[in-house]
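Keep the viewer open as you read.

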Amino acid sequence: VLAMGNMDLGIRTDRLLTMRIPLNPQRYPDAARRIEFLQELLDRLPAVPGVEAAGLNTGMHPLGNWNTAVEVVGSARQDQRPVLVHQVSEDYIRTVGIPLLQGRLFTRIEITGKQHFALVNQSFLRRFLADGQPLGRILRLPQLRSAPFNATDDSFQVVGVVQDTTNRILANEVSPEVYIPFTITGIADRLVVLTKTDPATFANAVRLQIYATDPEQPATEVRTMEAIFNEWVFAEPRFNLVLFSVFAGLGLVLAIVGVYGVISNSVSQQTQEIGVRIALGADFRDIVKMVVTTGLKLLGAGIALGLVAGLAAARILREQIWNVSPFDPLSFSLVAVVLALAGIQACIWPALRAARTDPVVALRLE
């Protein structure tokens, strides 16, 4: 939970309102009509009081996007694994708060002019462009030549590098990303709005701008970015945390009961020995020390075996522990200390009972 709360996700999660704008293919049958509507909407939104910026994308961080193969012209490191392709407006990067590391972002003229420029993230550099300067390099998206796009030019020049962002739910590894102008295909349908205050309160105001652009155009999946992260990113790790905590608590209780039962049984079997020791002069402290020492030996062996088993189980649970190393010395140390303290408490009561044994009664039992 602490790791999730403190992790740099690469994008802002506060003050962002998101929604989907599903354009009807009968009303907007071609890219030109879709682009006209979306551009007019983007022009209207900054005039809404309290709206700082607005952007478009074909998908949305961290829910993924279009996956397709990419080719880097002149690179010896060709890789057929797909990358994420974002089709964005000029203000999308600034709206969601992705830092620019090299070069520049898209301009309005480049977006409206359908210029074939691209931005890439750090993971893209490591996979495809580790052999040289990324700015100015040419990459190709061959799928754009296929239906329904049928583009005559699938090449893009890299003009900027942005920071890695969380782009695959619950994945510890960031996927390579390419950002291109949404006007190339006109299929962007995800609107992201940056507000000055609580984004949920701007839902109606944004809808009004959509209706003003087209009275028959609906908006769906209206929610804040915080709600998206809570629902899609943090929900499963938090559920796993609660589930593991419940089973860990039950395991601790069973361990305490088991230690208590073993020590109690051991004390009952040594009743005569304890009576003899007391009769020969052993005091209260000696008997308690003897019983607790026996319990600590068993406890130490159990903790050692448990740590070994825990290290082995950590490999299996690696995928269930979101962005946290399963081999955490601090966690294993704290678990060992908690088990040791619980085990000592389980040893004390049988030890105290043994120390109060009447030697006469103990000897008569035999």
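Predicted model: local features only at pLDDT ≥ 70, side-chain atom pairs only at ≥ 80, totals over all residues.

The general idea is simple: side chains of opposite charge can pair when their charged atoms come close.

## Other salt bridges

The count for this model comes to 18 salt bridges. One of them joins the side chains of Arg 20 and Asp 189, at 3.1 Å from N to O. Arg 20 sits in strand β1 (residues 16-20) and Asp 189 in the loop between β10 (177-181) and β11 (190-195), so this pair ties together parts that lie 169 residues apart in sequence. As for how open the two ends are, Arg 20 is partly exposed with a relative accessible area of 27%, whereas Asp 189 counts as buried because its 15% falls under the 20% cut-off.

Now for a pair inside a helix. Glu 40 and Arg 44 form a salt bridge, with their closest N and O atoms 3.4 Å apart. Both belong to helix α2 (residues 31-44), where they are 4 residues apart, or about one turn of the helix. Glu 40 is partly exposed at 33% relative accessibility, and Arg 44 is partly exposed at 29%. There is also a network of salt bridges to look at, and it links Arg 12, Asp 14, Arg 15 and Glu 52.

## The open sheet

Which strands make up the open sheet, and in what order? There are 4 of them, running β2-β11-β1-β12 with antiparallel pairing. At the edges stand β2 (51-57) and β12 (220-224); each has a single partner strand, so one side of each is left without a neighbour in the sheet. From one strand to the next, the twist averages 15 degrees.

Zoom in on β2 and β11 and you'll find them paired in the antiparallel sense over 6 bridges. Leu 56 stands opposite Leu 191 in β11.

## Helices across the sheet

Helix α6 (residues 203-213) lies across β1, β11 and β12, at about 45 degrees to β1.

## An enclosed strand

How many of the residues of strand β7 (residues 117-121) are buried? The tally is 5 of the 5, so β7 is largely enclosed by the rest of the structure. In a regular strand the side chains alternate between the two faces of the sheet. Here, Phe 117, Leu 119 and Asn 121 point one way from β7, while Ala 118 and Val 120 point the other way.

The pairing of β7 comes in both senses. With strand β9 (residues 155-162) it is parallel, over 5 bridges, and the bridge partner of Phe 117 in β9 is Gln 157. With β10 it is antiparallel, over 2 bridges, and there the bridge partner of Val 120 is Val 178.

Definitions and conventions
Residues numbered from 1 in each chain as written. Heavy atoms only, no water. Salt bridge = Lys/Arg side-chain N within 4 Å of Asp/Glu carboxyl O. Buried < 20%, exposed > 50% of the residue type's maximum accessible area, 1.4 Å probe, protein only. Pairing = 2+ DSSP bridges. Axes fitted to C-alpha atoms, helices over the stretch in contact; angles between N-to-C directions. Contact = heavy atoms within 4.5 Å.
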